[in-house]
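The sequence and structure come first.

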Amino acid sequence: MGKKNLADLISVVKGLVPEMSDSADAFARAFFDTILKGLARDHYVKVKGLGTFKVIEVSPRESIDVNTGNRIEISGHSKITFTPDASFKDAINKPFAHLQSVVLNDDTDVAQMMLFDNAQVEKIHDEISGFSANAEAGNNQAYTAAAAERGHANGSMDDASDARFDLDENSSAAVTESPDGINGSSDETTENNYEKQDTDMTNWHKQTLDEDTLQNTQKSEGAGTLAKDETPVKASKSEENEAHSEEKSENTAEKVEVTSEGNEQTQQAEQADAVAEDKTLEKEEKFSEGHGADAAKKSAHTARGKFLYVLAIIATATVFFAAGYYVAYYHNSSERANAPVTASSAMQRGGENVSKVVGKAKPASVKPVEKKQADVRAIPAKTDSAKAVKRNLKPVMPVMKGDAYMIVGQKGVHEMRSGENVTRIAKKEYGSKDCAKYIIRYNNIENADLVTIGTKLKLPELAPVDHYEKQ
Amino acid sequence: MNNKEFIESLSQAAGLSLEDTRKTTNAFCDALVEVLDDETALGIKGFGTFEVKKRLERVAVNPSTQQKVLVPPKLIVKFRPSQSLKDSITGEQ
């Protein structure tokens, strides 16, 4: 950090105002003396084009002696402050003048964002002064686009892709490209980046976005799409891939058991995996042989391929589980949903739930039995229950104002397990979360959030309240 | 002491007309900007030093809208008064 003095300043002044050359020295001295005088007299000096000097009184405050840790009082004193005015500020900030604040989208992960550090700011500074010919608008767009990219792209990077960057020969090129990308890329592409967040700018960005799309598609679809996703990734890499994938298929016939869906490209991915595992040691040799880029891509590609393959397996498994669970749930709930409909149907079911049926409903007609099989899952229609329940049921607990149901008995017991809550049970047993309040009331639960594991909840028998004869 | 008073005082001290002092003051300020840059500070004996500091970019949050904004890096000028200046001020009190 260089330090100039008054003489340097004066020489610059002489350069700007040649006619004042001889009096420049005296002027400079007078300048600062006047400020000093004004400050001493008024405690406030304003110089247009420079800024404001003020004297501020600081009140005494308590503090800690840094060495001993004792309490210390910092006595009141005055300090001199300088606030540059707008024109001076802007003039100083000229190298960064074209940069503007960028609004971040909600999905940017701030923690992951690569904020510029000192070195990078200097680099930008240098490049900007070199590129001062560029249109200011272009520079700002590039900065905003880069900012958006950094926020978005870094949030989606994963370890595998990092590995690839380390190994990939292109990575060093890509990294140095990015500062250029901030300044030098065309306006169209940067606009596209910022608006649509699909990239064409550099290989680095392209690869990152592919990661993103790959992640998303993996989770929603099965392993079958692995091939499809692999293709754009492969396409984005250089032509050397085709050459080395042929290489792979030769080498790995005896090493790999292909367990994938018989898709040619997933085979290649797996073969690549095996090759990578077996040949990691040989990697260095490959480098020296001049297959450096190939090997790097191969092992990095397969590391990522392996990860994606595992992800695909997990995704498929999850889908099957979900489907199975949903079928079972649907089947069960179609039975349970009918519980509040009629007490008679509970009788009909007999021993399905341990019950103490208080209701005096007569054995109903065939209708309720059929209803059991019906597709009723939501809160059932009141008309059916009206026929079966009318004047046959009395509530066991008082009906509160606004209740849609009344508790007419107990239909079972439920033991609380880990991760369950009353609302969820209500939804399962009665088809509606609103019925949780009845469970709570019936069991005299003080705080529904604090029901401990193992608590046996008595499940009330519910009947719609329309048909209750008000007494 | 506002700007007008300052110019008047300066013109008296420098022995120049008001118009001239105004022009020269402007030139002075421009010179100051030129001398100062990210790596160079300007020290005036008996007065203080003007230095330029970098403010790195950061993520700011608009408190009312809770919207995140990326504030770009910028350069800032700071003034550090010298001891003699401080003394002359406190001496006055």
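## Polar contacts and the salt bridge

A polar contact is here a pair of N or O atoms within 3.5 Å, and within protein one of the two must be able to donate a hydrogen and the other to accept it. In this predicted model, 10 residue pairs are in polar contact between chain A and chain B, counting pairs with both residues at pLDDT 80 or more. Helix α2 of chain A, residues 21–42, gives the most to the side of chain A that touches chain B, with 14 residues. By class, that side of chain A holds 43 nonpolar, 13 polar and 11 charged residues.

The rule for salt bridges finds one across the interface of chain A and chain B. R41(A) and E5(B) form a salt bridge through their side chains, with an N to O distance of 3.8 Å.

## Extent of the interface

How many residues of each chain are in contact with the other? On chain A there are 67, and they are in contact with 61 residues of chain B. Between them the two chains bury about 6,000 Å², and carbon and sulfur atoms account for 73% of it. On the side of chain A, the residues that lose the most area to chain B are F27(A), I80(A) and I92(A), which together make up 11% of what that side buries.

## Strand pairing

One strand pair crosses between the chains. Strand β1 of chain A (residues 2–5) pairs in the parallel sense with strand β1 of chain B (residues 40–44), over four bridges. Within this pairing, K3(A) has A41(B) in β1(B) as its bridge partner.

Another pair lies within chain B: strand β3 (residues 58–61) and strand β4 (residues 68–71) of chain B run antiparallel and are joined by four bridges. V61(B) stands opposite K68(B) of β4(B). The hairpin of β3(B) and β4(B) has six residues between the strands, and Q66(B) takes a positive phi near 60° there.

## Confidence

For the complex the predictor gives an ipTM of 0.92 and a pTM of 0.42. Chain B has an average pLDDT of 88, with 98% of its residues scoring at least 70. Within chain B, strand β5 (residues 74–81) has the highest confidence, at 92, and helix α3 (residues 83–92) the lowest, at a mean of 84.

Chain A has a mean pLDDT of 67, and 46% of its residues reach 70 or more. Residues 284–290 of chain A stay under 50, and the model has nine contacts for them beyond four places in sequence. Residues 350–366 of chain A are also below 50 in pLDDT, with 19 contacts in the model beyond near neighbours in sequence.

Terms used:
Residues are numbered from 1 along each chain as its sequence is written. Chains are lettered from A and ligands numbered from 1 in the order in which they are written. Side-chain values use heavy atoms; hydrogens and water are left out. Contact means heavy atoms within 4.5 Å. Buried area is the accessible area (1.4 Å probe) that two parts lose on being put together, summed over both. A salt bridge is a side-chain nitrogen of Lys or Arg within 4 Å of a carboxyl oxygen of Asp or Glu. A polar contact is a pair of N or O atoms within 3.5 Å; within protein, one must be able to donate a hydrogen and the other to accept it, and residues adjacent in sequence count only if both atoms are side-chain atoms. Helices (H or I, at least four residues) and strands (E, at least two) are DSSP runs, numbered from the N terminus. Ala, Val, Leu, Ile, Met, Phe, Trp, Tyr, Cys and Pro count as nonpolar, Asp, Glu, Lys and Arg as charged, and the others, Gly among them, as polar. Two strands pair if DSSP finds at least two bridges between them. pLDDT is the predictor's confidence in each residue, from 0 to 100.
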